[in-house]
Amino acid sequence: MQPKLPKHIAIVMDGNGRWAKQRHLPRMAGHYEGLKTVKRVVRACAEANIEVLTLFAFSSENWQRPLPEVKGLMGLFLSALQNEVEELHKNNIQMRIVGDCSRFSPELLNSITKAQQLTANNTGLKLIIAADYGGRWDIVQAARKFAQQVEQGKTTADTLTQELFASLLEMADLPEPDLFIRTSGERRISNFMLWQLAYTEFYFTDIFWPDVDSKILADALSFYASRQRRFGHTGEQIEQLANA
Ligand code: IPE
Ligand code: IPE
Ligand code: MG
């Protein structure tokens, strides 16, 4: 049977800066407004019984932005963790941060640990925040883990398969994204989940992230439902499988 509802939605939340610029506001105003959208989308995904929602919040490359914006984003991340985690917990949402995180402040790291511990046993929506994340970083950290196993004599290079490699990636315990959404009219991956997006369906909207509402999520879900996912098979093979 063709799954009609995605298990895992991965979103590149883009357009906060342009949303603010249009209104002659500082870029941070767009990021604050974007946080409101995060709350709306998390709620909508939980209500729609989506299993996993991954949100790209800060990329490995975003450190290159002007320092005041980087600091502003770190502050916003910290206050969001401090203010919103109770609400997530009440709604049975499990939250996890994925990314390098080695450049985060001790205070931020502490809040991340607390939030993850508090929500670890929740059984509802799994909310993954990709922060200081890059698809290339993920692949390299997996390669490093494997190389270490070889170095320690625990395994040999010829044991490496796609499945084994995938098991070393962050989020290895989660299904790969079925649906990718990017807002703001950009049509690129920007170093998001490079390995895991191999067979994901891509949905783009010109709307800036702060303007995203549940209608856009509904549009993305109906786009997804209309796709035939073939994974290299023919359309006829997929139809036969669905009718079997
Ligand atoms: C996305 O919005 C949020 C982050 C990357 C943190 P942008 O800040 O990239 O917004 P634009 O692309 O400049 O409009
Ligand atoms: C990607 O958006 C990263 C996040 C949404 C966190 P960017 O706005 O940084 O991507 P580019 O630079 O336009 O490709
Ligand atoms: Mg952007």
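A polar contact is a pair of N or O atoms within 3.5 Å; within protein, one must be able to donate a hydrogen and the other to accept it, and residues adjacent in sequence count only if both atoms are side-chain atoms. By this criterion, a polar side-chain atom of Asn62 lies 2.9 Å from an oxygen atom of ligand 2. This is a predicted model, in which local features need pLDDT of at least 70 and side-chain atom pairs count only at pLDDT 80 or more, while totals for chains, interfaces and linings use all residues. Residues are numbered from 1 along each chain as its sequence is written, chains are lettered from A and ligands numbered from 1 in the order in which they are written, and side-chain values use heavy atoms, with hydrogens and water left out.

**Ligand 2**

- The shell of ligand 2 (residues with a heavy atom within 4 Å of it) consists of Val12, Met13, Asp14, Phe56, Ala57, Phe58, Ser59, Asn62, Arg65, Arg182, Arg188 and Ser190.
- This shell comprises 5 nonpolar, 3 polar and 4 charged residues, where Ala, Val, Leu, Ile, Met, Phe, Trp, Tyr, Cys and Pro count as nonpolar, Asp, Glu, Lys and Arg as charged, and the others, Gly among them, as polar.
- Strand S2 (residues 52-59) contributes the largest share of the shell, 4 residues; helices (H or I, at least four residues) and strands (E, at least two) are DSSP runs, numbered from the N terminus.
- The side chain of Arg188 places an N or O atom 2.8 Å from an oxygen atom of ligand 2, and a polar side-chain atom of Arg182 lies 3.3 Å from an oxygen atom of this ligand.
- Of the 390 Å² of accessible area that ligand 2 has on its own, the protein covers 77% (Shrake-Rupley method with a 1.4 Å probe; for residues, only the protein chains shown count as cover).

**Ligand 1**

- Around ligand 1 stand Met13, Asp14, Gly15, Asn16, Gly17, Arg18, Arg27, His31, Ala57, Asn62, Arg65 and Leu73.
- These residues divide into 3 nonpolar, 5 polar and 4 charged.
- Helix H1 (16-22) and helix H2 (27-47) each supply at least two residues of the shell, and H1 provides the largest share, 3 residues.
- Oxygen atoms of ligand 1 are found 2.7 Å from a polar side-chain atom of Arg18, 3.1 Å from a backbone N or O atom of Asn16 and 3.4 Å from a polar backbone atom of Gly15.
- The protein covers 87% of the 380 Å² of accessible area that ligand 1 has on its own.

**Individual residues**

- Asp178 is located in the loop between helix H6 (162-167) and strand S5 (179-182), and its side chain forms a polar contact of 2.9 Å with that of Arg229.
- Asp178 counts as buried because its relative accessibility is 12%; buried means under 20% relative accessible area, exposed over 50%, and partly exposed in between (1.4 Å probe, protein chains only).
- Ala80 belongs to helix H3 (residues 67-90) and is likewise buried, at 15% relative accessibility.

**Backbone with positive phi**

- Most residues other than glycine have a negative phi.
- Cys101 has a positive phi near 65°; this residue lies in the loop between strand S3 (94-98) and helix H4 (106-119) and is buried, with a relative accessible area of 11%.
- Phe231 has a positive phi near 50°; this residue lies in the loop between helix H7 (214-226) and helix H8 (235-243) and is partly exposed, at 43% relative accessibility.
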